[in-house]
Amino acid sequence: MQNEVWLRMGSFILVLALMMIWEAVMPNRVSPVARYKRWSSNFFLVLCGALTGRLLVPAGLAVVAIFADEQQFGVLNRVPVPEWAAVALAVIALDCLIYWQHRVFHRVPLLWRLHRVHHADPHLDASTGLRFHPIEIALSLGVKGLGIFLLGVPVMAILIFEIVLNASAVFNHSNIKLPNWLETPLRKVIVTQAMHRIHHSQVVTETDSNFGFCLSIWDRLFHSYTHEAKAGDDGLTLGLKEYNKENNNTGISTVLLMPFRQIPKQMPPKNGSPKNERS
Ligand SMILES: [Zn+2]
């Protein structure tokens with residue numbers, strides 16, 4: 001268990017450091033907000049999320065897998081498959097589960113209140129991939145725990161999945177642009193930065209697409225894939241229209257209390273009500 005913690009922490013810090021160096025050397029966009037303001041809010045939420053996880057499941061989700069195994073509960077504990085196949089199937093199934101969890105968080109207004117903390121970031125970089133409200137982290141832990149129990153996920157698969165999920169989030173939110181010769185084939189398999197940036201567009205139909213975290217297949221399979229934003233990768237505006245002021249999208253208390261506050265009013269355009277707005 002101790003090795004598992006170090007492995008997760010080590011891989012997380014390594015991927016985060018690599019992407020932050022890449023962003024510093026070859027950034028794709030310029031942030032409209034000072035870096036220290038965004039980073040202080042985003043990394044504060046990382047800390048809150050880590051503490052939430054520690055408080056709710058001190059020994060990690062592996063305990064759920066061990067319990068399911070002891071009870072011989074869950075699909076993969078009942079079906080006789082080789083260990084390697086069970087691990088591979090479980091990692092893929094958990095990625096699919098997170099895809100659906102993400103879709104539901106966009107669909108249910110109460111859950112969107114939590115998830116919009118992530119989308120209110122007016123810029124995207126590696127730190128955005130970790131910017132989640134602690135209540136969303138807690139709910140996600142519950143969903144993952146239930147999935148692990150019902151599927152009978154092997155302990156090894158949880159370790160691999162947690163590492164892959166964190167690395168994917170940091171990778172696909174990072175402020176870099178892959179060359180076309182690499183991006184085009186890569187997005188056929190995994191979620192790339194250009195694909196995920198569309199999910200952070202201010203156009204609601206684009207925000208409500210490209211929900212995948214690691215594998216890009218789920219968006220194609222479940223018809224939520226957008227290949228390109230209307231304004232193009234360089235032209236799309238990031239964040240949420242309602243949260244376009246520094247004092248409502250950054251700040252420690254602002255991000256922590258955002259789900260419990262009313263959505264700020266938008267100035268209506270000259271001819272009609274604001275478009276692409278959601279409750
Ligand atoms: Zn989202």
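Predicted model: local features only at pLDDT ≥ 70, side-chain atom pairs only at ≥ 80, totals over all residues.

Trainee: Which residues touch the most other members of the largest nonpolar core?
Mentor: Leu61, Ile148, Val153, Ala157, Ile158 and Phe213 do, in a core of 20 residues. A nonpolar core here is a set of buried Ala, Val, Leu, Ile, Met, Phe, Trp, Tyr and Cys residues joined through side-chain atoms within 4.5 Å. Buried means under 20% relative accessible area, exposed means over 50%, and partly exposed is in between, with a 1.4 Å probe and protein chains only.

Trainee: And which helices each supply at least two residues of this core?
Mentor: Helix H3 (62–70), helix H5 (83–107), helix H7 (134–151) and helix H8 (155–173). The largest share, six residues, comes from H5. Helices are DSSP runs of H or I with at least four residues, strands are runs of E with at least two, and both are numbered from the N terminus.

Trainee: Different topic. How many salt bridges are there?
Mentor: The count comes to eight, where a salt bridge is a side-chain nitrogen of Lys or Arg within 4 Å of a carboxyl oxygen of Asp or Glu. One of them joins Lys177 and Asp233, with the closest N and O atoms 2.7 Å apart.

Trainee: Why does that pair tie together separate parts?
Mentor: Lys177 lies in the loop between H8 and helix H9 (180–186) and Asp233 in helix H13 (residues 232–235), so the pair connects parts that are 56 residues apart in sequence.

Trainee: Is Asp234 buried or exposed?
Mentor: Asp234 is exposed, with a relative accessible area of 60%. Asp233 counts as buried at 15% relative accessibility, and Lys177 counts as partly exposed at 41%.

Trainee: Where does Arg197 come in?
Mentor: Its side chain meets that of Asp233 in a salt bridge of 2.8 Å, N to O. Arg197 lies in helix H10 (residues 193–199) and Asp233 in helix H13, so the two parts tied together are 36 residues apart in sequence. Arg197 and Asp233 are both buried. Lys177, Arg197, Asp233 and Asp234 are linked in a network of salt bridges.

Trainee: What about Arg29, what does that one touch?
Mentor: Among its contacts are Arg197, Asp233 and Asp234, not counting residues up to four places away in sequence. Arg29 lies in the loop between helix H1 (2–25) and helix H2 (35–56). The side chain of Arg29 reaches the backbone oxygen of Asp233 at 2.9 Å, and a polar atom of that side chain lies 2.7 Å from the backbone oxygen of Leu236.

Trainee: Which residues form the nonpolar patch on the surface?
Mentor: Val5, Trp6, Met9 and Ile13 form it, with about 420 Å² of accessible area together. Patches take residues with over 30% relative accessible area and no salt bridge; nonpolar side chains (Val, Leu, Ile, Met, Phe, Trp, Tyr) are joined within 5 Å, like charges within 9 Å. The areas come from the Shrake-Rupley method with a 1.4 Å probe, and for residues only the protein chains shown count as cover.

Trainee: Last one. What is the phi of Gln72?
Mentor: Gln72 has a positive phi of about 55°, although it is not a glycine. Most residues other than glycine have a negative phi. Gln72 sits in the loop between H3 and helix H4 (75–78). His223 also has a positive phi, near 55°, and lies in the loop between helix H12 (217–221) and H13.

Technical notes:
Residues numbered from 1 in each chain as written. Heavy atoms only, no water. Contact = heavy atoms within 4.5 Å. Polar contact = N/O pair within 3.5 Å; in protein donor to acceptor, adjacent residues only side chain to side chain.
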